Amino acid sequence: MSEQAVAEYRIEDLAHHSGATVRTIRAYQDRGLLPKPERRGRSNVYRDTHLARLRQIADLLDRGYTLASIKELLEAWDAGRGLGGVLGLVAEVHGPWTDEEAARISRDELNERFGGMPDDEAVGEACELGVLERIPGRPDQFLVPSPQELSVAAELYAAGVPLPAITGHLRELRGQVELIASRFLEFTTEHVFARYLGAVPPTDSDAAEAATMVRRLRPLAQQTVDAELARAMRLFATRHLQRHLGAVGTQQPSGPAPVALPAETVRAVQELVGPDHVAEFVRAATERELQARTMNDLASRGGR
């Protein structure tokens, strides 16, 4: 084959080069995701365009897209609408949302930072939470996606907080932060991104503009949370200090104190009524309970 010749593949060769199975390739053809091969005698012939398409599908699947949405994107591209802006938007959303860089840590270093004794159960839970990631073929090494988060855990442990309490707190905190992130995305989608994402899939230019907006708005969520967390910590730290020291002559804050719901409860209510109606549901449930207790109390008085 000359340098100018176009590469040709049998389906087995295409599977080998793409990493897909023969069965998957045929399924993609049946779904219309992959162009049909050229029929040559009794054989099907595939080309580099088929290989590029398979790699593109695999990349989009890795980014969380369904086969149905991938088909819409590819059909738009095949119809002459550019896919560059869409893929740029995908890359922007899947890019890093923090400047922090991942690091590695050995098992010995990990043991040293957390008491000096091996704790397989704690390591397993850290891996489940994503605080640590196992490295294939290296059982004595771990990837640390957020060294800052691991350092916080180490400082809390050194201060006397047990590891189960640290992981339990992280699970609860994660549920609450995910609720904040979900609300921020709903808010920005409604007021900013809806204008770019009206068409499905969006045009190349709209997707490119949306990617630019993601870059601009990306730091806003963290900046807002940082500012509000600092305000809340100052407020509640003062209240805690006053309560524990029994400060004399200090005016105690009036009004109802906020109550933090367990993360599991919040998730269950979200699944039941949706994230936008959690507060309304909790308020209605509380009022219903108070009314029931009042009725029970009145009934018990009447029976005396």
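These notebook entries record what I looked up on helix packing and strand pairing in a predicted model.

**Basis.** I worked from a predicted model, in which local features need pLDDT of at least 70, side-chain atom pairs count only at pLDDT 80 or more, and totals for chains, interfaces and linings use all residues. Residues are numbered from 1 along each chain as its sequence is written, and side-chain values use heavy atoms, with hydrogens and water left out.

**Entry 1: the three-stranded sheet.** I took helices (H or I, at least four residues) and strands (E, at least two) as DSSP runs, numbered from the N terminus. I found an open sheet of 3 strands in the order S1-S3-S2, with antiparallel pairing; two strands pair if DSSP finds at least two bridges between them. Strands S1 (8–9) and S2 (38–40) stand at the edges with a single partner strand each, so one side of each has no neighbour in the sheet. S2 pairs with S3 (residues 43–47) over 3 bridges in the antiparallel sense, and Arg 39 stands opposite Asn 44 in S3. I noted that H3 packs on this sheet and touches S1 and S3, its direction making about 70° with that of S3.

**Entry 2: H1 against H3.** I then looked up how H1 (residues 11–18) packs with H3 (residues 48–62): the angle is about 40° and the axes are 10 Å apart. Axes are lines fitted to C-alpha atoms, for helices over the stretch in contact, and angles run from 0 to 180 degrees between N-to-C directions. That makes H1 oblique to H3, since angles under 35 degrees count as roughly parallel, over 145 as roughly antiparallel, 65 to 115 as roughly perpendicular and the rest as oblique. In contact (heavy atoms within 4.5 Å), Leu 14, His 17 and Ser 18 of H1 meet His 50, Leu 51, Leu 54 and Arg 55 of H3.

**Entry 3: H8 against H9.** H8 (residues 147–158) and H9 (residues 163–191) pack at about 135°, with axes 10 Å apart. H8 is therefore oblique to H9. I listed Glu 149, Ala 153, Leu 156 and Tyr 157 from H8, and Leu 163, Ile 166, Leu 170 and Arg 174 from H9, as the residues making the contact.

**Entry 4: strands around S6.** S6 (residues 138–144) pairs with S4 (residues 103–106) in the antiparallel sense over 4 bridges, and Ser 106 has Gln 141 as its bridge partner in S6. S5 (residues 133–135) also pairs with S6 in the antiparallel sense, over 3 bridges; here Arg 134 is partnered by Phe 142. I recorded S5 and S6 as a hairpin with 2 residues between them, where Gly 137 in the turn has a positive phi of about 80°.
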